[in-house]
Amino acid sequence: MGVLMSRRQTVERVQKVSLAVSAFKDGLREQPSTRRRAEAGTTRQGTLEQEVQEGEEEALAGPSQPEESSASKAAWERLRDGRGVEPEEFERANRFTPPAFIRPKRELHDDEPPDISLEQREQIQNDEMCEICEVWTAESLFPCRICHRVYHDGCLRRMGYLQKDSAVEVTETAHTETGWSCYYCDNLNLLLTEEEMYSLMETLRNCKIIPESCLTLDDFLHYKHQVHKQQFERTMPEAQEEQAALQFNALDPDKKGHIEWQDFLSHESIQLLQKIRPQNALLRLLTPKERERARAAFLALDQDNDGFIGEGECRQARHTWFRKHQKEMLSCNISISHVGPISEGSPASSRNGKSPEKILPATKQEETRSIDWLGFLRENVAYILAARPNSAALHLQPLA
């Protein structure tokens, strides 16, 4: 218990200091004219004309602007913190203090090729104690399918990360091959560094995207058009617009007509990682569990054990990373232990309305290029990372 209290007190102390600093900075930002008048009175360098001009500017701003800017600022701060929940929302009875998310930093050797052997299997070992309360209770712990952390369902509820619907999913899938992602791995936005996050926030601001809001197909396409025009200074081609529409459908598996904010944020985060970081740096983000799953998929495809697979098999394997729900796994022929031809009734075969006979010649043509183990990892790493969230949405739609 001593360890638990020490850890909680440390987190609470850090968050209280952060809140105090943020409040102080916000106060300085929201009252610029008051501070300037105070400095002018002290140094006796202010003029009446300046005070009148400042008063006119404040009058033009209107009385409702402080409230709107405060709400917008809070939303952008939660976005910056990686969907962080405000600590004061958890200061109630029977609640734990949420963790303070720390964004990663790039290392000097990140761009160098990592040493990931195909023959040498990795030892997968979960933590023995709950990540939240640091107590061991054997079978009552739920492991994350991505990282080494384990949790109590009660601790997750008290943290606010486990609601009624998700509680059933955790209890049913945590100990199965499907698995469950913890709140660290479920949030792809936490993979971004501070610099990358500020770049994404600037893009969203320029495109007038409102944080924590749902996006319709028109909103999503309009955003994609604006981003393309800002980056290339020309209109987005029709082919890319069609691909963006397919991506929207992949992010809206329940056909609600809109995509949730967290799914949109995860999609944009993985897109940004693909643009900014080289593939070697992305490979270093993979956890031992993800590398083992990729190793099993490659060995299943390499029937002759020569260390190479065809390009068509590599492309088919991209769909395996998104088999996160038992219902989908039962309706699809692709699995970790066997990556065979796509069945006619599987989602991949019906995506473009093409029959297996029509795509077969293209698949044979792809077989002419052989891909080794590291090439397989590089071409699939973005899809492996995109499959981390528990959401049924496909945050990175595999190309046809």
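## Around Asp-81

Which residues does Asp-81 touch, not counting residues up to four places away in sequence? The contacts are Phe-101, Arg-103 and Leu-190. Please keep in mind as you look around that this is a predicted model.

Asp-81 itself belongs to the loop between α4 (65-80) and β1 (141-143). With a relative accessible area of 33%, Asp-81 is partly exposed. Asn-189 is a residue to look at here too: 108 residues separate Asp-81 from Asn-189 in sequence, yet their C-alpha atoms are 9.1 Å apart in space.

## Aromatic rings

Phe-101 belongs to an aromatic cluster together with Tyr-151, Tyr-161, Trp-180, Tyr-183 and Tyr-184. Across the structure there are 13 aromatic pairs.

The ring of Tyr-184 has the charged end of Arg-149 sitting over it, 4.1 Å from the ring centre.

## Helix α7

Next stop is helix α7, which covers residues 194-206.

Five names make up the buried residues of α7: Glu-196, Met-197, Leu-200, Met-201 and Leu-204. They lie on the same side of α7, because the arc they cover around the axis is only 135 degrees. Following the helix comes Lys-208, which has a positive phi, near 60 degrees.

Glu-196, one of the buried residues of α7, forms a salt bridge with Arg-277, at 2.9 Å from N to O. This pair links distant parts of the chain: Glu-196 sits in helix α7, while Arg-277 is in the loop between α10 (261-276) and α11 (279-283), 81 residues apart. Both Arg-277 and Glu-196 are buried.

## Other salt bridges

The whole structure contains 13 salt bridges. Among them is the one between Glu-292 and Arg-295, whose closest N and O atoms are 2.3 Å apart. Here both partners lie in helix α12 (residues 288-301), three residues apart, which is about one turn of the helix. Glu-292 counts as buried because its relative accessibility is 10%, and Arg-295 counts as buried at 1%. Glu-292 and Arg-295 also belong to a network of salt bridges that includes Arg-121, Glu-122 and Arg-291.

Where are the partners Glu-379 and Arg-318 placed in the chain? Their salt bridge has its closest N and O atoms 3.2 Å apart. It links distant parts of the chain, with Glu-379 in helix α17 (residues 373-386) and Arg-318 in the loop between α13 (311-317) and α14 (326-330), 61 residues apart. Glu-379 is partly exposed at 24% relative accessibility, whereas Arg-318 is buried, with a relative accessible area of 10%.

Definitions and conventions: Residues are numbered from 1 along each chain as its sequence is written. This is a predicted model: local features need pLDDT of at least 70, side-chain atom pairs count only at pLDDT 80 or more; totals for chains, interfaces and linings use all residues. Side-chain values use heavy atoms; hydrogens and water are left out. Rings of Phe, Tyr and Trp (its six-membered ring) pair if their centres lie within 6.5 Å; planes under 30 degrees apart count as stacked, over 60 as edge-to-face and the rest as tilted. A charge sits over a ring if NZ of Lys or CZ of Arg is within 6 Å of the ring centre and within 35 degrees of the ring normal. Helices (H or I, at least four residues) and strands (E, at least two) are DSSP runs, numbered from the N terminus. Buried means under 20% relative accessible area, exposed over 50%, partly exposed in between (1.4 Å probe, protein chains only). Contact means heavy atoms within 4.5 Å. The expected span of a helix is 1.5 Å times one less than its number of residues. The arc is that of the directions from the helix axis to the C-beta atoms. A salt bridge is a side-chain nitrogen of Lys or Arg within 4 Å of a carboxyl oxygen of Asp or Glu.
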